[in-house]
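Q: I have a new structure open and have not looked at it before. Can you walk me through it?

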Amino acid sequence: MTYLETPEVVLYFEDHLAKGEAPGDPLVLLHGWACDSSDWAALIGRFTPRHRVVTVDLRGYGRSSTGVDGYSPAVLARDVVRVLDALALGPAVVAGHSAGAEVAATIAVTYPEHVRALVTVDPAYGFGAEAEDRLRDVSRSLSGADPVQVAVDYFKAFDDNPSTPRELARLHRASAQRARPDVLREMFDEFAFGADSFHFLPGTGEFLRRRQAPLLAIYRNETRGVVGEQFAERADDQVLTYSGAGHWLHQEQPERFTADVERWLDGLDPDHTPTTGAQS
C-alpha cells in the first residue's frame with residue numbers, strides 16, 4: 001500500500017510495473033463518483049504485460065483522506081498530477097470512467113505535458129439541457145437524510161441492464177455504501193454545477209477542444225456515442241460504442257476493452273509530444 005501526503009490530503013495509489021521487456025506508455029486509471037480504484041482491479045493484469053499501471057483513490061474515496069478545499073474536477077486533477085510527479089512519471093495514457101473521465105480530461109487540458117493520450121469510458125459529460133432538471137433532483141436528494149442510499153439507488157438504475165452481471169451490480173452498490181456522505185454530495189454538485197464544470201453542452205465541447213492529447217471515447221449505447229462523436233475533432237480521435245453494455249463496460253467486457261485500447265494506442269503517432277501549460 002502506497003500513500004502520498006500532500007498539503008491538503010493523503011492520497012492512496014498503487015503502482016504496478018510493466019512485466020514486458022518493451023513496455024509502452026504508462027497508464028493511469030481513474031474511477032468515478034461513489035467508487036474507488038478497485039473498479040479497475042480486474043484490468044490491471046491485462047495491461048501490465050505492456051504498461052506500467054497506476055491507480056489512484058480520488059480524495060474522499062477508498063483509502064484516501066477527505067479534503068477541505070472541495071471535490072471539483074480541477075482539485076481532483078491536481079491531486080492526481082501530484083501523484084504522477086511523485087512517481088516521476090512521464091507523459092502517460094490517462095483513462096477515466098464516468099466522473100473519472102472528467103478528471104482525466106481536466107488533466108489533459110490543464111496539464112498537457114502529463115498526458116500522452118486520453119481514454120474516456122462512458123464519460124459523465126456532454127449532457128443536454130433536458131438532463132439538468134433530473135440531475136438537480138438528484139442533488140436535492142443527496143442533501144437529504146441518506147445520501148448513501150441515494151447513490152445506491154442511482155447505481156441500481158445504471159445496473160438495470162441485461163448485460164450487467166448481478167455480481168458486478170452487487171459490487172457497485174457495495175462501493176456506494178462505503179462512500180462518505182459529505183463527499184457524495186459535494187463531488188456531485190461540483191462536477192455537475194460547479195464553477196469549473198463542463199458537464200453540460202455546449203460547455204463540454206468548448207472544454208475538450210482545448211486538449212492536445214488524442215482521445216479514445218467508449219460509450220455504452222448509440223445515444224451516448226452520437227453525443228461523443230461531436231468531441232472527436234482530431235484525426236487520431238476515435239469513438240467506440242459497445243451497444244447494449246452497462247455503464248461499467250470495462251468491467252463487463254474486459255478483454256474487448258483492453259484490446260480496443262491497445263489497438264488504438266498502437267496506431268497513434270509515436271512522435272507526438274505534449275507541451276507545457278494549460279490551453280486556452
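Q: Taking contacts between residues at least 6 apart in sequence, what share join residues at least 24 apart?
A: That share is 74% in this protein. Keep in mind that the model is predicted.

Q: What helices and strands are there, by count?
A: The protein has 11 helices and eight strands. Its radius of gyration is 17 Å, close to the 19 Å from the globule rule for 280 residues, so the protein is as compact as a globular protein of that length.

Q: What box do the C-alpha atoms fill?
A: Roughly 50 × 40 × 40 Å, along the principal axes.

Q: How many of the residues count as buried?
A: 55% of the 280 residues do.

Q: Which residues have the most contacts inside the largest nonpolar core?
A: They are Val28, Leu30, Trp33, Val103, Ile107 and Leu184, in a core of 64 residues. Helix 3, residues 99-110, gives the most to this core, with eight residues.

Q: And what does Val103 touch?
A: Leaving out residues up to four places away in sequence, Val103 touches Leu30, Leu58, Leu76, Ala77, Val80 and Phe191.

Q: Which residues are in the second core?
A: That core is separate and has 23 residues, including Leu29, Ile218, Ala245 and Leu265.

Q: Switching to the surface, how much of it belongs to carbon and sulfur atoms?
A: 50% of an accessible surface of about 11600 Å².

Q: What about charges: how many are positive and how many negative?
A: There are 27 positive and 42 negative charges, and their mean positions lie 3 Å apart.

Methods. Residues numbered from 1 in each chain as written. Predicted model: local features only at pLDDT ≥ 70, side-chain atom pairs only at ≥ 80, totals over all residues. Heavy atoms only, no water. Helix = DSSP H or I, 4+ residues; strand = E, 2+ residues; numbered from the N terminus. Rg over C-alpha atoms; globule rule 2.2 N^0.38 Å. Buried < 20%, exposed > 50% of the residue type's maximum accessible area, 1.4 Å probe, protein only. Contact = heavy atoms within 4.5 Å. Areas by Shrake-Rupley, 256 points an atom, 1.4 Å probe, with all protein chains shown as cover. Lys, Arg positive; Asp, Glu negative; His and termini not counted. Charge placed at Lys NZ, Arg CZ, Asp CG, Glu CD. Core = buried A, V, L, I, M, F, W, Y, C linked by side-chain atoms within 4.5 Å.
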